Structure formats: structure tokens, C-alpha cells
Amino acid sequence: MTIFLCLTEDPGSAELLHSPEIGCYIPSLVEKTKLNKTSKRPVVNVILDLAVNFLKTNLRKKLQFGLYLRALNIIQRVICFEKKIQPQIKYNWKHVWDALFLVVKFISTPEMFQNKEILQIGTEITTIFNLFITYGDSFLATTSDYDELFYEMI
């Protein structure tokens with residue numbers, strides 16, 4: 001996670017990660033699809049898949065706060081870079097906010113609130129949702145994606 005965070009923080013490497021010319025044939029870890037050799041995906045899609053998959057599969061009582069914050073920071077950095085560039089990557093953002101809602105549901109239990117780092121995770125998730133709400137129209141593919149986000153939030 002630390003390496004991916006460093007890659008997404010640097011503007012030069014973030015530009016390369018978002019470039020459709022420097023794509024890869026790695027199948028989605030989130031969606032159950034077969035490997036399609038004809039369509040390359042930007043490397044940032046794979047990094048987002050890894051961060052989302054990490055958030056979904058590592059929900060434990062002894063939460064690894066540092067790794068969770070790194071995964072959330074990766075998602076935040078990708079969204080911040082997405083709002084600046086044209087054209088945006090083709091990614092199913094629903095997987096991201098589904099993972100975020102899952103983490104919110106998990107950390108909102110009374111036993112999890114005994115730890116002080118939970119507030120940092122909650123703040124990061126709130127920041128990411130704020131970015132989706134504020135700048136979502138600039139990087140979400142369709143208005144129905146934007147509507148679906150609001151539906152999920154309500």
C-alpha cells in the first residue's frame with residue numbers, strides 16, 4: 001500500500017498511471033470478468049481494485065489502521081487527480097463507495113469506537129464522499145452514476 005500511495009501522490013507518476021496508452025491486461029479484482037486481451041485498462045484501475053479489495057476483505061476487530069488509512073488515501077489521491085484530467089478513466093465507481101459504506105458500517109459499532117484511530121478513518125471516508133459529491137459530475141461517467149451515489153447515501 002505504501003508504494004501505491006507514493007505512486008499516486010507524485011503528479012508525474014499519477015499521470016502515467018492514468019494514461020490509457022500505458023495500460024495493462026490485468027482483469028478486475030472487483031468485478032468477476034474474464035481477462036479480455038483486446039481492452040487494456042489504465043494501471044490506476046488495478047490500483048483502485050487493490051485498494052477496494054483490501055477495504056472489503058480486511059475487516060477485523062484488530063483493524064490495521066495504518067494500512068486502512070493508506071488505502072483510503074490512495075482512493076482520495078486518485079479521485080483528486082481524476083477531477084483534474086481529461087478524459088477520465090473508465091471505472092465502476094460503485095465498487096468504491098460500496099466498499100466505503102461497508103467500512104462505515106463496520107467501524108460504527110460501539111466496540112470499534114473505543115479506538116482513537118477510528119475517527120481518522122471516518123474522517124477520510126467523509127472526505128472521499130465529499131469529493132464524490134462535490135466533483136463527481138466531472139469524473140463519473142454518467143449522471144445515473146451520480147444519481148446512484150445519492151440513492152446509496154440516502
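Predicted model: local features only at pLDDT ≥ 70, side-chain atom pairs only at ≥ 80, totals over all residues.
Two rings of Phe, Tyr or Trp, the last taken by its six-membered ring, form an aromatic pair if their centres lie within 6.5 Å.

**Stop 1: the aromatic cluster.** Select Y91, W93, W97 and F132 together; these residues form one aromatic cluster. Under the rule stated above, the count of aromatic pairs comes to five.

**Stop 2: F54 and Y68.** Select F54 and Y68 and display their rings. The ring centres are 5.3 Å apart and the planes meet at 55°, so this pair is classed as tilted. The pair links distant parts of the chain, with F54 in helix α3 (residues 43–57) and Y68 in helix α4 (residues 65–82), 14 residues apart. F54 is buried, its relative accessible area being 12%. Y68 is also counted as buried, at 1% relative accessibility.

**Stop 3: W93 and F132.** Return to W93 and F132, two members of the cluster. Their rings make an edge-to-face pair, with 5.8 Å from centre to centre and 75° between the planes. W93 belongs to the loop between α4 and α5, whereas F132 lies in helix α6 (residues 117–139), so the pair ties together parts of the chain that are 39 residues apart in sequence. Are these two residues, W93 and F132, buried or exposed? Both W93 and F132 are buried.

**Stop 4: K83 and Y135.** Next, select K83 together with Y135. The charged end of K83 sits over the ring of Y135, at 3.9 Å from the ring centre.

**Stop 5: K94.** Move to K94, which is found in helix α5 (residues 94–107). Because its relative accessibility is 25%, K94 counts as partly exposed. Display the side chains of K94 and D98: a polar contact of 2.9 Å joins them. Which residues does K94 contact, leaving aside its neighbours within four places in sequence? They are E148 and E152. For E148, a C-alpha to C-alpha distance can be drawn in the viewer: K94 and E148 are 8.1 Å apart in space, although 54 residues separate them in sequence.

**Stop 6: N73.** Finish at N73, a residue of helix α4. N73 counts as buried because its relative accessibility is 18%, and the cut-off for buried is under 20%.

Note on methods:
Residues numbered from 1 in each chain as written. Heavy atoms only, no water. Helix = DSSP H or I, 4+ residues; strand = E, 2+ residues; numbered from the N terminus. Buried < 20%, exposed > 50% of the residue type's maximum accessible area, 1.4 Å probe, protein only. Contact = heavy atoms within 4.5 Å. Polar contact = N/O pair within 3.5 Å; in protein donor to acceptor, adjacent residues only side chain to side chain. Phe/Tyr/Trp six-rings, centres within 6.5 Å; stacked < 30°, edge-to-face > 60°. Lys NZ or Arg CZ within 6 Å of the ring centre and 35° of its normal.
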